[in-house]
Amino acid sequence: LAVVAFMTGQWLVLPLIGPALVFTYVAVSTRQNTIEATRARLARVAQVAQEHARRVVETNDVISRAIDNEIDGRSNQELRADAAALHAQLKALAAHLPQLQSIWLWDEEGRPIATNLRPDPPPGLSVADREYFISARTAPGTAWVVSEPLKSRTTGEPFFDFARRRQTPAGAFIG
């Protein structure tokens, strides 16, 4: 009688173990598939973000080279005297780039020389206290400086800035 009761109890537990084992297998398998799919999606998103960042830097490089060719060694005073023509060129550069909020050319004191937004940049405006300007002023070379998200002092719009130091052939900061 004891053997029959034991075997009956065993048979009663087996129907419970079977579904539990199947459930565990499905859960582990699904979890692993979800992890792999998520990793693959994250890798694609990271690749797209990296490609977008590369395009942003390339766009800024192209615009920067075009501006460098236009100003070609002229002093800030000469650039201010030719601000209307410089504005027209900056406006033309930005016209087909909707992702570009604005282009500014600053002097060594952080005051605007020219912008694509208007032919007469606000003379009282200064970015001398902005971190990107301070970095460009103090760091030698012409590497890009990318700001943290900021709020425009002229339009109130959020932005982040790509800035590059302008310097004389001797390395003196000019804006």
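The legends below describe close-up views of a predicted model.

**View 1. The largest nonpolar core and its most connected members**. This core holds 13 residues, of which Ile 67, Leu 86, Ile 103 and Leu 105 touch the most other members. At least two residues of the core come from each of α1 (2-71), α3 (83-94) and β2 (112-115). In soluble globular proteins, nonpolar side chains tend to be buried together.

**View 2. Ile 103 in the loop between α3 and β1**. Ile 103 counts as buried because its relative accessibility is 7%, below the 20% limit for that class. Not counting residues up to four places away in sequence, the residues touched by Ile 103 are Ile 63, Ile 67, Leu 90, Leu 93, Ala 94, Ala 114, Thr 115 and Asn 116. Ile 103 is also one of the core members that touch the most other members. Thr 30 lies 73 residues from Ile 103 along the chain, and the C-alpha atoms of the two residues are separated by 51 Å.

**View 3. The hairpin formed by β1 and β2**. Strand β1 (residues 104-106) pairs with β2 in the antiparallel sense, over 3 bridges. Between the two strands of the hairpin are 5 residues, and in this turn Gly 110 has a positive phi of about 85°. Leu 105 stands opposite Ala 114, a residue of β2. Apart from neighbours within four places in sequence, Leu 105 is in contact with Ile 67, Ile 71, Leu 79, Leu 86, Arg 111, Pro 112, Ile 113, Ala 114 and Arg 166.

**View 4. The salt bridge between Asp 107 and Arg 111**. The side chains of Asp 107 and Arg 111 meet at a distance of 2.9 Å, N to O. Asp 107 is buried, with a relative accessible area of 1%, whereas Arg 111 counts as partly exposed at 33% relative accessibility. Salt bridges that share partners join Asp 107 and Arg 111 with Arg 80 and Glu 109 into one network. A search of the whole structure finds 10 salt bridges.

**View 5. Salt bridges of Glu 51 with Arg 54 and Arg 55 in helix α1**. In the salt bridge of Glu 51 with Arg 54, the closest N and O atoms are 3.2 Å apart. These two residues are 3 residues apart in α1, about one turn of the helix. Glu 51 also forms a salt bridge with Arg 55, where the closest N and O atoms are 3.4 Å apart. Glu 51 and Arg 55 are 4 residues apart in the helix, so about one helical turn separates them. Glu 51 counts as partly exposed at 29% relative accessibility, and Arg 54 likewise counts as partly exposed, at 40%.

**View 6. Asp 72 in the loop between α1 and α2 (76-81)**. Asp 72 has a positive phi of about 25°, although it is not a glycine. Most residues other than glycine have a negative phi. The relative accessibility of Asp 72 is 61%, and Asp 72 therefore counts as exposed, the limit for that class being over 50%.

**View 7. The buried and exposed residues of helix α4**. Within α4 (residues 131-138), Tyr 132, Phe 133 and Ala 136 are buried. Seen down the helix axis, the buried residues fall within an arc of 100°, so they line one face of α4. Glu 131 and Thr 138, on the other side of the helix, are exposed. The elements that cover the buried residues of α4 include β1, β3, β4 and β6 (162-164).

**View 8. Ser 147 in the loop between β3 (144-146) and β4 (150-151)**. Ser 147 counts as buried because its relative accessibility is 12%. Not counting residues up to four places away in sequence, Ser 147 touches Tyr 132, Phe 160 and Asp 161. A polar atom of the Ser 147 side chain lies 2.7 Å from the backbone nitrogen of Asp 161. Tyr 132, another residue touched by Ser 147, is among the buried residues of α4.

Methods: Residues numbered from 1 in each chain as written. Predicted model: local features only at pLDDT ≥ 70, side-chain atom pairs only at ≥ 80, totals over all residues. Heavy atoms only, no water. Core = buried A, V, L, I, M, F, W, Y, C linked by side-chain atoms within 4.5 Å. Buried < 20%, exposed > 50% of the residue type's maximum accessible area, 1.4 Å probe, protein only. Contact = heavy atoms within 4.5 Å. Polar contact = N/O pair within 3.5 Å; in protein donor to acceptor, adjacent residues only side chain to side chain. Pairing = 2+ DSSP bridges. Salt bridge = Lys/Arg side-chain N within 4 Å of Asp/Glu carboxyl O. Arc of directions from axis to C-beta.
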